[in-house]
Structures are given as C-alpha cells and as structure tokens.
Amino acid sequence: MANIAVLGYGTVGSGVYEVIKRNQAIVSRNAGEEVNIKRVLDLRDFPGDPVEEVLTHDFNDILNDEDISVVVEVMGGVEPAYTFVKGCLEAGKSVCTSNKALVAAKGPELIRIAREKDINFFFEASVGGGIPIIRALNLCLTADDIEEISGILNGTTNYMMTKMADEGWEFEEALKTAQDLGYAERNPEADIDGWDACRKIAILTSLYTGKNTDYEKVYTEGITKISAKDIKYAKELGLRIKLIAESQKTEEGLVAMVAPIMLKKSHPLYNVDDVLNAVYVRGNVLGPAMFFGSGAGKLPTASAVVSDVIAAVKNKSNVMVEWDDEDLELSSVGSVKRSFFVRVSGSEAEKLPGIRELFGEVSTVTAPGVTGEFGFVTGIMSEKEFNKGYDKLDGAITRIRVDNREEL
Ligand code: HSE
C-alpha cells in the first residue's frame, strides 16, 4: 500500500481526495498497489466532512511520517509551499503539485533535489488543468525541435472572453461567475492580468528548451483593456479575441509572450471556448499537434494531480526532467511578424491617407453602433515596424495583434 499526504484542502485538494475515493479501484490498479490518503494538512477544520479522520494542522505529522512516500501540494503560492515541498523532497518523499507559481519560480531547484534523491517531482496539473501536456513534452515530443507552442492556458479568461463575446456579459459578471465556478486564482488579477498564463508558458518553454525561462521576462498583457467595442469589431472581421500564451522561434531568437490576439476561423485555437484550454505545438519533424481539454476547475485539475500520484507510486526511481538552472535568453517581441488591428478616432476620409503612409495598404472596418471612429487591419509586419507607425498615429485608441498566418 502507498500512503500519501495532501497539503491543502481547498478546491483542488478536496478534488484530489474525491478522485482518489471515487476512483479508488482504478487508481490502485493503475498504480500497482492501493493508494491510501493517510494525512491531509489544512489550517481549517471541516466539521462533518470525512476528511476530518485524516486531517492535521501540523506539517511535521507528514514530514516525519516515514510511511508517507508521496506528498501532494495543492496550496498554491510560493510560500509556504516551497518550504514544505523542499522539506518533503529532502526527506525522500516524491511530490506532485498543481502549483504553477511554485513550479515557475523554483522548478529547476526542486527537479534537481528530486534527481539527487532519486525520487520524483511531478507537476502535470500546473499547465492546462487536466490536459496531459507536461508529460507529452517530457516523454513524447522528445524527437522534435519544437518551433512553436501557442496556447489558451488560462481557463478563467477564456471563459470570460467567451461569455462576453457570445452572451454579451459584462466583464465583472463574467469574472464573478468564473470565481464561483472555482476556475479563478485566489487573487484573480493573476488570471486577468495574464500572469497565470505567463507562468504556464514559461514552464512549457523551460521544458522544451531544457533551460530556465524567467517568467518575469516574458512580455505579458492581460485582458483588462479588451472592451465590448473591440469585441464588436472582431465579430465584424469574423475573428475571435483570445488570451494567447505563445513561445516561438523567430529569425532573431526565441520569443515568449502573453497577449490578447485576434484569431481567424481556421486557426486551431479559434473554437476553444469556455473554460477549455488548448495547446498547439509545432515540431520540425512532427509538424502540428493539438492538446485540448478541461483547463481549470476542481476535478479536471485533480485528475492530473492524481495521475502524477500514480506515476510517483509506480516510478520509485527518478524520471528525468530536463530543465536546468541556466537562464534561457529571450528575444524581444519586436521580431514577431503578424498583422495588427487598430481603432482610430475620426473618419476614414480624413485619416486613411496618413494611415497608408504609416502602415502601407490596410483594410478598414466599422462596427455596428460604434461612432466617431473606425478600425483597420494592417498587412503582416514585425511588431517593431508596427510600433514605429502606431506611435505616430494621431487619434489611436487601441491596437490588438491579429494572427492571420496562412500556414500553421
Ligand atoms: N486560474 C487558473 C485558470 C486555474 O483559470 O486557468 C488553473 O490553472
């Protein structure tokens, strides 16, 4: 029998408890032995909840228990999670976590300790909720030179953008519902300002390059500036606005960024709606691959965590993860080539000649009920080139990147 402990009995922690209880036979069969939750750590009490039988308020009850071989960390945030996880690994216990803040900040160190101790540090649920993308990168897509990863990696914002575009919900209503459904971070600014997606693309980039991607150096824009008017223009253009986290090799080097991007209908991420996440990967020999599924929420996230528990019970020795301390050098987003949608005040007759001087040929668009302004879409150009024109554009209201590449 494998005894495990769970640090944190919040949304994901209670999901892990539920999945192990509900799928006990399957989990034990796949692990090769019975998986038993021996301890759950939380500061709170849960009167009437069966978890009370194994609940402790003292981390040392887990750290010092030699019968516990695998620890699940689902507390979130860097501290005290980091101290607890490091302590468990140093004590020879494998750790499985869903905590992307911890993995993005301390991944290489925790992976190194696990390797030295010949145990495992697994983090499948830290990116893409229930979608198996980490294991795919670590174990399956290993023959390829990965050229690009583009993903919808934040369920909260994808849910919000879908409801705002399809149901006409206001931003606050959409956020409140995403929180009620258990999708959002404790501090939802991490979702709407793009930091959650930023940490996730940094983790994926570190895994496919083998070098550490400092998430603080990833260019990040959230969805807070996207307005109902922007969505109206997008509809007129037949495009959808999605918060995209991408990492791609350009002529000038590797660029990682998070930003709202307008996608055309043929884009593989166009139809990824609600809380769903998807990751598009392009390898130099594989070509494209798509990973798609439930991106946030109690049970999908717990499903990925429990799959890690099973892997940790089965693999008593270390399963190598290539992610070194050495920092990856990121290039500026200025080198990425694409089109741009721009809203500008005034009339086409008045502004178009100047716009053509700055950006060359553009196509214009108006949106129903939006007056005193119009929109236009540029041809494909580098972001650096675009910014030169945008900085000089009189009456510029906003700009949104457009991914209208012919080939993906
Ligand atoms: N807040 C995150 C999201 C949870 O919405 O995607 C899953 O990582």
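Thirteen is the count of residues around the ligand, given as 13 residues, and the closest are Lys 100, Gly 155, Thr 156, Tyr 183 and Glu 185; a residue counts as near if one of its heavy atoms lies within 4 Å of the molecule. The model is predicted, so local features need pLDDT of at least 70 and side-chain atom pairs count only at pLDDT 80 or more, while totals for chains, interfaces and linings use all residues. Residues are numbered from 1 along each chain as its sequence is written, and side-chain values use heavy atoms, with hydrogens and water left out.

**Ligand contacts**

- A polar side-chain atom of Glu 185 is 2.6 Å from a nitrogen atom of the ligand; a polar contact is a pair of N or O atoms within 3.5 Å.
- Lys 200 places a polar side-chain atom 2.8 Å from a ligand oxygen atom.
- For Asn 154, a polar side-chain atom lies 3.5 Å from an oxygen atom of the ligand.

**Helices H5 and H10**

- Helix H5 (residues 100-117) packs against helix H10 (residues 195-209) at about 45°, with the axes 9 Å apart; helices are DSSP runs (H or I) of at least four residues, and strands (E) of at least two, numbered from the N terminus.
- Axes are lines fitted to C-alpha atoms, for helices over the stretch in contact, and angles run from 0 to 180 degrees between N-to-C directions.
- H5 and H10 are therefore oblique to each other, the class left after roughly parallel (under 35 degrees), roughly antiparallel (over 145) and roughly perpendicular (65 to 115).
- H5 passes H10 in a left-handed crossing, meaning that the near helix is turned anticlockwise from the far one by less than a right angle, with clockwise for right-handed.
- Lys 100, Ala 101, Val 103 and Ala 104 of H5 meet Asp 196, Arg 199, Lys 200 and Ile 203 of H10, contact being heavy atoms within 4.5 Å.

**Helices H1 and H12**

- Helix H1 (residues 11-22) and helix H12 (residues 298-314) pack at about 65°, their axes 8 Å apart.
- That angle makes H1 roughly perpendicular to H12.
- The crossing of H1 and H12 is right-handed.
- Contact residues include Val 12, Val 16 and Val 19 of H1 and Leu 299, Ala 302 and Val 305 of H12.

**Backbone**

- Most residues other than glycine have a negative phi, and most peptide bonds are trans.
- The peptide bond from Glu 79 to Pro 80 is cis, with omega near 5°, and Pro 80 lies in the loop between strand S4 (68-73) and helix H4 (81-90).
- Asp 118, not a glycine, has a positive phi of about 55° and sits in the loop between H5 and strand S6 (121-122).

Definitions and conventions:
Polar contact = N/O pair within 3.5 Å; in protein donor to acceptor, adjacent residues only side chain to side chain.
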